[in-house]
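Please look at the structure before reading on.

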Amino acid sequence: MADLSTSYLGLQLKNPLIIASSTLVQNVQGIREAEAAGAGAIVLRSLFEELIREESEKQQSGVYSGHPEEYDYILSELNLQYGPQNYLKLISEAKSKVKIPIIASINCTSPKLWLNYAKQVEQAGADALELNLSLMPTNPGKTSLEIEQEFVKVIKAAKEHTKLPLAVKIGPYFTSLSRFANQICGTGIKGLVLFNRFYQFDIDIDKNEIIGANWYSHPSEMSLSLRWISILFRHVNCELAATTGIHDSRGVIKQILAGAQVVEIASTVYLNGFTVVKKILSEITSWMEHHHYQKIADFRGSLSLSKQKNPELYERLQYIKALTGIEK
Ligand SMILES: Cc1cc2nc3c(=O)[nH]c(=O)nc-3n(C[C@H](O)[C@H](O)[C@H](O)COP(=O)(O)O)c2cc1C
């Protein structure tokens, strides 16, 4: 029988399939369902830095320094259901109810007041912390270097405030991703999650307003993380987690062949229910047995760029082949 167990962020996982940070795992019931379906671990839905700041500033001075609209939204929509104190309770309750690792998640953009909260997340019993560094680079006055430096500052500050193993989830919008990935992996984080799927933007032309769109990913979106996992495997001092567009066992196997340590899924579970987890795991087992692989490490990274003799040439040749193929 093929052995699907693996390690990630220093944790032992019975398989590399993780339920990605989402509303699927925002309460104990969802987390129990994930475990029952066979998931190797879960990443809790993110807590927003603004919520932690709001609570902390109000405790200290009674005043919140953020944007007034942000404040109203936080009070009316989020804080009541998913505030910092409830989040800590959720972590400890989940830890008492399930055996799989619980990875907490904080969505942050600055090295500010939330940092002390990271310690409380650790004390509540989380096994690791994933930082969702979501920053849309809309400011035309900021250089790419300045944006990258802000990210690095946040990560370094987080490292100083918690002993939890850290993973960092980033989007794909970097000019020199290899260099940046190397730099953040050099800070001592253990995992790099590629790629965060940003809120999809659309416009309602009847109501003349901005709306969200495509809540769930499509399998075609997977190729971006597949390429970068393949490029970064063995080039960064971090374990790589793949996310976005991975909907089935073939997607998971491809990501591991490219070099992923684990795979984080959400959309396919929203669309097909938690039973998809069992199906994916059983298909991976059959595939491994068919190919005579006994454990995940037997094929992880075997199709990464690091295994190609001349990686630059390989990339260029694939590009030329693809274009000439289309022309035929
Ligand atoms: C409804 C929903 C809620 C999500 N909430 C979070 C979140 O709180 N924090 C986070 O880092 N990612 C969040 N995500 C992104 C997922 O963790 C995941 O990275 C993304 O959906 C891509 O994976 P997928 O293609 O399997 O859906 C959310 C996704 C969905 C669909």
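## Helix α8

Helix α8 is followed by R234, whose phi is positive, near 70°. Helices (H or I, at least four residues) and strands (E, at least two) are DSSP runs, numbered from the N terminus. The buried residues of α8 are M222, S225, I229, S230, I231 and L232. Buried means under 20% relative accessible area, exposed over 50%, and partly exposed in between, with a 1.4 Å probe and protein chains only.

The model is predicted: local features need pLDDT of at least 70, side-chain atom pairs count only at pLDDT 80 or more, and totals for chains, interfaces and linings use all residues. Residues are numbered from 1 along each chain as its sequence is written, and side-chain values use heavy atoms, with hydrogens and water left out.

## S217

S217 sits in the loop between β11 and α8. Its relative accessibility is 8%, so S217 counts as buried.

The side chain of S217 has two polar partners to look at. One is the backbone nitrogen of G245, at 3.3 Å; another is the side chain of H247, in a polar contact of 2.9 Å. A polar contact is a pair of N or O atoms within 3.5 Å; within protein, one must be able to donate a hydrogen and the other to accept it, and residues adjacent in sequence count only if both atoms are side-chain atoms.

## The ligand

The ligand is surrounded by 16 residues, the closest being S21, S46, N132, S217 and S267. A residue is near a molecule if one of its heavy atoms lies within 4 Å of it.

The protein covers 86% of the 610 Å² of accessible area that the ligand has on its own. Such areas come from the Shrake-Rupley method with a 1.4 Å probe; for residues, only the protein chains shown count as cover.

## Aromatic pairs

The whole structure holds 9 aromatic pairs. Rings of Phe, Tyr and Trp (its six-membered ring) pair if their centres lie within 6.5 Å; planes under 30 degrees apart count as stacked, over 60 as edge-to-face and the rest as tilted. The rings of Y199 and W215 have centres 6.2 Å apart and planes at 55°, so this pair is tilted. Both residues, Y199 and W215, are exposed.

Elsewhere, ring pairs link F151, F174 and F180 into a cluster.
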